[in-house]
Amino acid sequence: MIDDDSLRAAVARAAGGDEVAFARIVAAHHDDMARVAFVVCGDVELAQAAVQAAWQKAWLKLDSIRAADRLRPWLVSIAANEARQLIRSRNRRWLRETAIDADESAGTRVGVRVGIGARAGAGIAADPASRAAQLDLANALAGLEPDDRTLIALRYAAGLTSDEIGRAIGMTGGGVRARLARLLTRLREELHDDEPA
Amino acid sequence: MTNLPDDHIDPYESRLTRRVGAFADQAVRPIDASAIAAAARAGARRPTLAGRLFGSGGSAARLGVVLAGALVGAAALAVYLGAGGSTSPVASGPDATPTAVPGPAAACTADQLSGTIEAWDGAAGHRIATIKVHNSASVDCVLPELLRPALVDSAGRALIVGAPVSGAAPFGLPRDADATTMVDMANYCGKTTTAALKLRLYLPDESSIELAAPANLTSSMDVPPCNGPNEPATIQMQPLRLGTVSY
């Protein structure tokens, strides 16, 4: 709901220390950042913590944003990076594999949740088929390296172009596309998405 | 839901975008943008002017320049005060913290205050209004930094009324100065209204001021969506701060 001109003005004022303007930016982008962070770390609470940490960094560095259209890619990439750091920190302390509870009444399959997705239950889909699909995706994402999950998050949760992702993570757009192509092949097989929906 | 960018890599992307999008939606929670912004600011300290000047490469020359400037400023202030001048708070940028107006200042009355809605944003089931309150009198006045807000329709009917406020810190509003803040509203499950929305702020003496939006903003303003009819509607404001908004 915040238009480009308002956003540009808000960025300028926030960079000058205006907390009210900064709150407008938070309102406009927090959800996108949480979605990206969640795909990277698979934990709602961890994702929210990552986004809060990302806002601290954004507050410090907002004056480095020269063009308003760079703001969103920049913010979601900070959130992804914070989530990656938090999940790495968590993996050092926690067991990586956690057995999932059997929930036959809900029709979900019994399997193993691997790190990511371990605490995603609060907002998980209610119907069994969607729930199983989300669990499959959580497990497939858990099998990826954090850098690859970051690529998936920035592309398919934030909708960034390969060039925007490249700028955010220090790769060329072509390199991003090649890596995403390999990840697409892998996920399509693991999720059985090559079969008719 | 995420939109797939135009630089397509593989036809499978659209299907994966839907799957990842639905998965990622689990992470979306109602937020208090003002609280998050305040926490970010509190947790992150920007380099101070002194830090920038005297950081790792600080030099005696720069220190001398700043000290000399400070001495000149202090001398000028002393001369000004000696000549009978006085200082009073000036509406500065929003970084200024609420400060009591020097000397005895009366409580602000509804007659001397006016206000406008400067922006109306939507976020995660909330509506967030950025508002400005102006002291149009020729004298400074004091009001609580938190007031009881209400969302009203164009006929003045209250749609959501905030809880009474007690124990709010006093906020000095100099004459002809502006204060700004945000009002956060959520979960309005009443009758849909298409009339122009306003905000009402109740002063401690139960009088109130109404804040309307300019015409170009009114058309895009709507009530906060109903998140659950069994949950109460909420409206609350953040503390007033000196300064203006210019969106």
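Which residue of β7(B) stands opposite B:C141? The notes below reach that pairing in point 6, after the provenance of the model and the two chains.

1. Provenance and numbering. This is a predicted model, in which local features need pLDDT of at least 70 and side-chain atom pairs count only at pLDDT 80 or more, while totals for chains, interfaces and linings use all residues. Residues are numbered from 1 along each chain as its sequence is written, and chains are lettered from A and ligands numbered from 1 in the order in which they are written.

2. Confidence in chain A. The pLDDT, which is the predictor's confidence in each residue from 0 to 100, averages 80 over chain A, with 78% of the residues scoring at least 70. Over residues 92-123 of chain A, however, the pLDDT is below 50, although this stretch has 56 contacts in the model beyond near neighbours in sequence; a contact here means that the C-beta atoms of two residues, placed from the backbone, lie within 7 Å. Where pLDDT is low, the predicted coordinates should not be read in detail.

3. Make-up of the two chains. Chain A comes to eight helices and two strands, in the order α-α-α-α-β-β-α-α-α-α from the N terminus on, whereas chain B comes to five helices and 12 strands; helices (H or I, at least four residues) and strands (E, at least two) are DSSP runs, numbered from the N terminus. Buried residues make up 46% of the 197 residues in chain A and 33% of the 247 residues in chain B, where buried means 20 or more other C-beta atoms within 10 Å of the residue's own, exposed means 12 or fewer, and partly exposed lies in between, with C-beta atoms placed from the backbone. Of the contacts between residues at least 6 apart in sequence, those that join residues at least 24 apart make up 62% in chain A and 78% in chain B.

4. The contact between the chains. Each side is assembled from 51 residues, those of chain B facing those of chain A. On the chain B side, α1 (12-24), α2 (33-43), β2 (113-123), β3 (126-135) and β8 (178-186) each supply at least two residues, and the largest share, 11 residues, comes from α1(B). This side divides into 27 nonpolar, 13 polar and 11 charged residues, counting Ala, Val, Leu, Ile, Met, Phe, Trp, Tyr, Cys and Pro as nonpolar, Asp, Glu, Lys and Arg as charged, and the others, Gly among them, as polar.

5. The open sheet of chain B. Three strands form an open sheet in the order β1-β4-β7, with mixed pairing, and its edge strands, β1 (106-107) and β7 (170-173), each pair on one side only. Two strands count as paired if DSSP finds at least two bridges between them; strand β4 (residues 141-144) and β7(B) pair in the antiparallel sense over four bridges, and the residue opposite B:C141 is B:L173.

6. Strand β5 of chain B. Strand β5 (residues 148-152) pairs antiparallel with β6 (residues 158-161) over three bridges, with B:V152 opposite B:A158 and B:A150 opposite B:V161. In the hairpin of these two strands, which has five residues between them, B:G156 takes a positive phi near 90°. Five bridges also join β5(B), again antiparallel, to strand β9 (residues 198-202), where B:L199 stands opposite B:L151. B:R148, B:A150 and B:V152 point one way from β5(B) and B:P149 and B:L151 the other way, and all are buried.

7. In helix α7 (residues 162-169), A:S162, A:E164, A:I165 and A:A168 are buried; they line one face of the helix, because the buried residues fall within an arc of 160° seen down its axis, the arc being that of the directions from the helix axis to the C-beta atoms. Just after α7(A), A:G170 takes a positive phi of about 75°. A:D69, in the loop between α3 (44-61) and α4 (71-93), is exposed, with 11 other C-beta atoms within 10 Å.
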